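Please keep the viewer open while you read.

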Amino acid sequence: GAATGISKRMSLAARLIREELGDTALDRLGRHQSDTARGWACFIIGAANMPLRDRLAAIRPDADDRHFGVREWSWMAVRPHLTADLESAIAILADWPLTHQSAFGVLLRSDPSARRMVHAIAALKAQPQPGLAILEPLRADPSSYVQDSVSNWLNDAAKDRPDWVRALCARWSAERLTPATARICKRALRSINPAAKH
């Protein structure tokens with residue numbers, strides 16, 4: 001698809017820039033005014049030889065970038081490393097401060113296309129429970145953006161695991177029903193409860 005095509009072009013450009021600029025490339029691009037240049041920085045981080053924890057620490061500023069394209073590229077650039085060791089990735093992301101957890105559009109507070117890509121990971125589609133490490137702290141978040149992302153992720157999960165999502169929403173509602181939690185659950189269940197659309 002289009003996303004794959006641009007991802008390959010961004011990755012190639014990043015490699016050529018890295019060959020030209022060497023070790024200074026990442027620093028120069030990461031602070032660049034151009035969204036595209038910051039996107040190249042994401043792919044340099046994605047291609048670098050580093051442990052997963054260091055890679056995620058390096059990509060974190062890009063995951064919080066003001067531009068949605070850079071946030072999405074940050075996810076695309078490190079996605080293969082996340083899927084290769086999903087359990088470790090979730091554990092690392094769950095430890096991020098909440099201000100940055102959004103950042104990773106990765107598992108939850110993501111832009112819609114990133115969320116779909118995450119949910120397409122077979123391991124999470126069949127067993128969404130590991131995502132709870134990141135979902136639980138967000139279940140009463142006051143931000144409508146976060147509420148939408150959490151509920152959209154759960155709505156996606158409900159297509160394969162409706163009973164799991166129903167049970168989760170029932171537990172959240174019973175434990176501490178805030179307006180935010182009520183909104184998240186209503187939207188999360190909208191595909192299984194067609195009356196609950198908004």
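Is K186 buried, exposed or partly exposed? K186 is partly exposed, because its relative accessible area is 44%, where buried means under 20%, exposed over 50% and partly exposed in between, with a 1.4 Å probe and protein chains only.

## About the model

This is a predicted model: local features need pLDDT of at least 70, side-chain atom pairs count only at pLDDT 80 or more, and totals for chains, interfaces and linings use all residues. Residues are numbered from 1 along each chain as its sequence is written, and side-chain values use heavy atoms, with hydrogens and water left out.

## The chain as a whole

The chain holds 13 helices and zero strands, so its pattern along the sequence reads α-α-α-α-α-α-α-α-α-α-α-α-α, given that helices (H or I, at least four residues) and strands (E, at least two) are DSSP runs numbered from the N terminus.

Of the 198 residues in the chain, 46% are buried. The accessible surface comes to about 9900 Å², and carbon and sulfur atoms own 55% of that; the areas come from the Shrake-Rupley method with a 1.4 Å probe, and for residues only the protein chains shown count as cover. Among contacts (heavy atoms within 4.5 Å) with a separation of 6 or more, 67% join residues 24 or more positions apart.

K186 sits in helix α13, residues 179-188.

P137 belongs to the loop between α10 (132-135) and α11 (144-158). P137 is also partly exposed, because its relative accessible area is 41%. Along the chain, 43 residues separate P137 from A94, and their C-alpha atoms are 9.0 Å apart.

## Helix α3 and its partners

Helix α3 (residues 35-47) packs with helix α5 (residues 68-84) at an angle of about 10°, with the axes 8 Å apart. That makes the two roughly parallel, as angles under 35 degrees count as roughly parallel, over 145 as roughly antiparallel, 65 to 115 as roughly perpendicular and the rest as oblique. Axes here are lines fitted to C-alpha atoms, for helices over the stretch in contact, and angles run from 0 to 180 degrees between N-to-C directions. The crossing of α3 and α5 is right-handed, a label used if the near helix is turned clockwise from the far one by less than a right angle, with left-handed for anticlockwise. On the α3 side we find D35, T36, R38, G39, C42, F43 and G46, which meet V70, W73, S74, M76, A77, V78 and H81 of α5. The contact of α3 with α5 comprises seven nonpolar, five polar and two charged residues; Ala, Val, Leu, Ile, Met, Phe, Trp, Tyr, Cys and Pro count as nonpolar, Asp, Glu, Lys and Arg as charged, and the others, Gly among them, as polar.

With α4, helix α3 makes an angle of about 170°, the axes being 10 Å apart. The pair is therefore roughly antiparallel. R38, C42, I45, G46 and A47 of α3 touch R55, A58, I59 and D62 of α4, giving five nonpolar, one polar and three charged residues.

## Helix α4 against α6

The axes of helix α4 (residues 52-63) and helix α6 (residues 86-94) come within 10 Å and cross at roughly 45°. That makes α4 oblique to α6, and the crossing is right-handed. L52, R53 and L56 of α4 contact S88, A89, I92 and L93 of α6, a set with five nonpolar residues, one polar and one charged.
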